Amino acid sequence: MIVSSSKVHLKSQVALVTGGNGGIGYETCKHLLHKGAKVYMAARREDAAKEAAARLQEETGRAPEILMLDLGDLASVRKSAEEFRRRETALHQLYNNACVSKAIHTYVGHPSDSTQRSRLGTDQHAHKTRI
């Protein structure tokens, strides 16, 4: 349970947390739910999102809304944005927490050579954006 000395309540606030089904994003969702915000947990995998939402319901007495989002797929980003706009008229807090990663293969010698190096490109944000 998160203990906060702040008496600030976020009952009129709508927050969206990308990557909210695990790690820092999960804890961010939990804190916001404790504070009374309406929380959208954006996640790539539906099963992981539903499991995390159920745990949050048990831990806080409140469950986040689930928004499916794959930041590596622009069509998914557009679909998620449209879905959010159908549900809400405002977004007060955005937590950019999700990790976008793609495996990038670089070949040693000729591309048909079996020796490859694989590099992982990541773009991770863990900050809050006020809108």
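Good morning. Of the 131 residues in this protein, 33% are buried. The structure that I am presenting is a predicted model, so a word on confidence comes before anything else. The average pLDDT of the protein is 80, and 70% of the residues score at least 70. Where pLDDT is low, however, the predicted coordinates should not be read in detail.

Let me turn to the overall layout. The protein has 3 helices and 7 strands. Reading from the N terminus, the order of elements is β-α-β-α-β-α-β-β-β-β. Among the contacts with a separation of 6 or more, 62% are made by residues 24 or more positions apart. As for the surface, the protein exposes about 8400 Å², of which 51% comes from carbon and sulfur atoms.

Now to the interior. In soluble globular proteins, nonpolar side chains tend to be buried together. Here, the largest nonpolar core has 16 residues, and Val17, Cys29, Leu32, Val39 and Met41 have the most contacts inside it. At least two residues of this core come from each of the following elements: strand E1 (14-18), helix H1 (23-34), strand E2 (38-43) and helix H2 (46-60).

Which residues does valine 39 touch, leaving aside its neighbours within four places in sequence? The contacts of valine 39 are Ala15, Val17, Cys29, Leu32, Leu33, Pro64 and Glu65.

H1 consists of 12 residues, and the distance from its first C-alpha to its last is 17 Å, close to the expected 16 Å. Its buried residues are Gly25, Tyr26, Thr28, Cys29, Lys30, Leu32 and Leu33. Against which elements do the buried residues of H1 pack? They pack against E1, E2, H2 and strand E4 (93-96). After H1 comes glycine 36, which has a positive phi, near 95°.

Glycine 61 is found in the loop between H2 and strand E3 (65-68), and it is partly exposed, with a relative accessible area of 49%. Its C-alpha atom is 8.6 Å from that of leucine 33, although the two residues are 28 residues apart along the chain.

I come now to the charged side chains.

Glutamate 27 and lysine 30 form a salt bridge, with their closest N and O atoms 3.4 Å apart. Why are these two residues about one helical turn apart? Because they are 3 residues apart in helix H1. An α-helix has 3.6 residues a turn, so residues three or four places apart point the same way. Is lysine 30 buried or exposed? Lysine 30 counts as buried, because its relative accessibility is 9% and the cut-off for buried is under 20%. Glutamate 27, at 37%, counts as partly exposed.

The second example joins two regions of the chain. Glutamate 88 forms a salt bridge with lysine 38, and the closest N and O atoms are 2.6 Å apart. Because glutamate 88 lies in the loop between helix H3 (74-87) and E4, while lysine 38 lies in strand E2, the pair ties together parts that are 50 residues apart in sequence. Glutamate 88 is buried, with a relative accessible area of 15%, whereas lysine 38 is partly exposed at 34%.

The side chains of glutamate 83 and arginine 86 meet in a salt bridge of 2.9 Å, N to O. These residues are 3 residues apart in helix H3, and therefore about one helical turn separates them. Glutamate 83 counts as partly exposed at 25% relative accessibility, while arginine 86 is exposed, with a relative accessible area of 59%. Both residues belong to a network of salt bridges that links Glu65, Glu83, Arg86 and Arg87.

To close, I return to one residue that we have already met. Glu65 is part of that network, and Glu65 is also in contact with valine 39, one of the residues with the most contacts inside the largest nonpolar core. Thank you for your attention.

Conventions. Residues numbered from 1 in each chain as written. Heavy atoms only, no water. Core = buried A, V, L, I, M, F, W, Y, C linked by side-chain atoms within 4.5 Å. Buried < 20%, exposed > 50% of the residue type's maximum accessible area, 1.4 Å probe, protein only. Helix = DSSP H or I, 4+ residues; strand = E, 2+ residues; numbered from the N terminus. Contact = heavy atoms within 4.5 Å. Expected span 1.5 Å × (residues − 1). Areas by Shrake-Rupley, 256 points an atom, 1.4 Å probe, with all protein chains shown as cover. Salt bridge = Lys/Arg side-chain N within 4 Å of Asp/Glu carboxyl O. pLDDT = per-residue confidence, 0-100.
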